[in-house]
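Welcome! Here is a friendly tour of a protein model, taken one part at a time. Please have a look at the sequence and the structure before reading on.

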Amino acid sequence: MTAGRCRLFTVVGVMVMLVYFDASLQRATFQVCHACEGILQNGTAVGNFCTVSSGQAEGRCCLGTQGLDVDSITGLDLSNCSLREVKGLNEASTAKIIDLSANPVLNFNDSVFQGFTQLQRLLLPYHLTCPGGNASWEKVETRGEIRLCEGQRNSCDQMGHKSGDCPENGLCAPDGPGFFQCRCTQSHHGYKCLREGQFPLAEVLGILGGATVLVSALLWVTQRRKAKSI
């Protein structure tokens with residue numbers, strides 16, 4: 001292997017590491033955590049949850065941690081934020097508790113919480129109904145100006161969405177309060193689970209990884225050539 005190729009592979013390796021490191025930093029920043037002024041307060045529902053779960057506060061969020069890396073949002077407190085509508089909470093789809101109380105929200109679409117399979121406590125202004133309806137929760141109660149939706153139920157069991165509602169070789173899986181999705185069995189994949197065998201994840205990732213490295217290398221070579229021509 002020539003010295004030029006060695007330098008090229010070294011540079012490509014460093015570039016890949018920098019891209020990965022930059023992606024890690026981006027994962028540690030969530031816009032929804034700063035959608036409202038202020039920080040997560042002790043003594044609040046989300047604040048207490050964060051303390052008990054040994055989470056890390058960022059803005060109005062509680063972040064779960066895995067080792068030294070920020071993992072995901074486990075709690076979100078957007079109470080008393082003058083919100084008139086509920087939207088753009090996708091970053092908090094991993095949250096176990098969300099507080100939207102003390103906001104002048106008139107209504108919201110249940111689809112806002114589609115995919116929130118881990119959500120176990122939701123605090124809303126008292127005049128709003130729980131997403132998916134009361135049947136989607138183990139307990140629904142009003143505490144003063146707050147409506148509490150607690151204990152999300154498995155929509156496949158609660159709504160009778162069995163595997164029969166899914167294509168052949170598909171199974172019902174919960175997808176947030178009142179929602180369900182169909183997942184292929186381990187032996188099938190693809191459109192309507194018609195392809196037999198496991199999805200070739202390793203091969204696909206290998207192709208994508210190789211393509212990423214190749215594109216990065218080509219960009220670097222192009223930039224070097226431009227720099228030399230100046």
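## The nonpolar cores

The largest nonpolar core has 28 residues, and those with the most contacts inside it are Val 32, Ile 73, Leu 89, Ile 98, Leu 100, Phe 113 and Leu 122. A nonpolar core here is a set of buried Ala, Val, Leu, Ile, Met, Phe, Trp, Tyr and Cys residues joined through side-chain atoms within 4.5 Å. Buried means under 20% relative accessible area, exposed means over 50%, and partly exposed lies in between (1.4 Å probe, protein chains only). At least two residues of this core come from each of β2 (61–66), β3 and β5 (121–125). Apart from it, a second core of seven residues includes Cys 50, Ile 97, Leu 123 and Leu 148. In soluble globular proteins, nonpolar side chains tend to be buried together.

A word on the basis of all this: the model is predicted, so local features need pLDDT of at least 70 and side-chain atom pairs count only at pLDDT 80 or more, while totals for chains, interfaces and linings use all residues. Residues are numbered from 1 along each chain as its sequence is written, and side-chain values use heavy atoms, with hydrogens and water left out. Helices (H or I, at least four residues) and strands (E, at least two) are DSSP runs, numbered from the N terminus.

Leu 78 lies in the loop between β3 (69–77) and β4 (97–99). With a relative accessible area of 4%, Leu 78 is buried. The C-alpha atoms of Leu 78 and Leu 40 are 9.2 Å apart, although 38 residues separate the two along the chain.

## A cluster of rings

A pair of aromatic rings is described by the distance of the centres and the angle of the planes. Rings of Phe, Tyr and Trp (its six-membered ring) pair if their centres lie within 6.5 Å; planes under 30 degrees apart count as stacked, over 60 as edge-to-face and the rest as tilted. By this rule there are two aromatic pairs, shown here.

| Pair | Centre to centre | Angle between planes | Type |
|---|---|---|---|
| Phe 108 and Phe 113 | 5.6 Å | 75° | edge-to-face |
| Phe 113 and Phe 116 | 5.5 Å | 75° | edge-to-face |

These ring pairs link Phe 108, Phe 113 and Phe 116 into a cluster. Phe 108 counts as buried at 11% relative accessibility, and Phe 113 does so at 0%. Phe 116 is buried as well.

Which residues of helix α2 (residues 45–52) are buried? They are Val 46, Gly 47 and Cys 50. These residues lie on the same side of α2, because they cover an arc of only 100° around the axis, the arc being that of the directions from the helix axis to the C-beta atoms. The face turned away from this buried side carries the exposed residues Thr 51 and Val 52. After α2 comes Ser 54, which has a positive phi near 55°.

## Strand β5 and its partners

Four of the five residues of β5 are buried, so this strand is largely enclosed by the rest of the structure. Two strands pair if DSSP finds at least two bridges between them. β4 and β5 run parallel and are joined by three bridges, with Ile 98 opposite Leu 122 in β5. β5 and strand β7 (residues 146–152) run antiparallel, joined by five bridges, and here Leu 124 stands opposite Arg 147 in β7.
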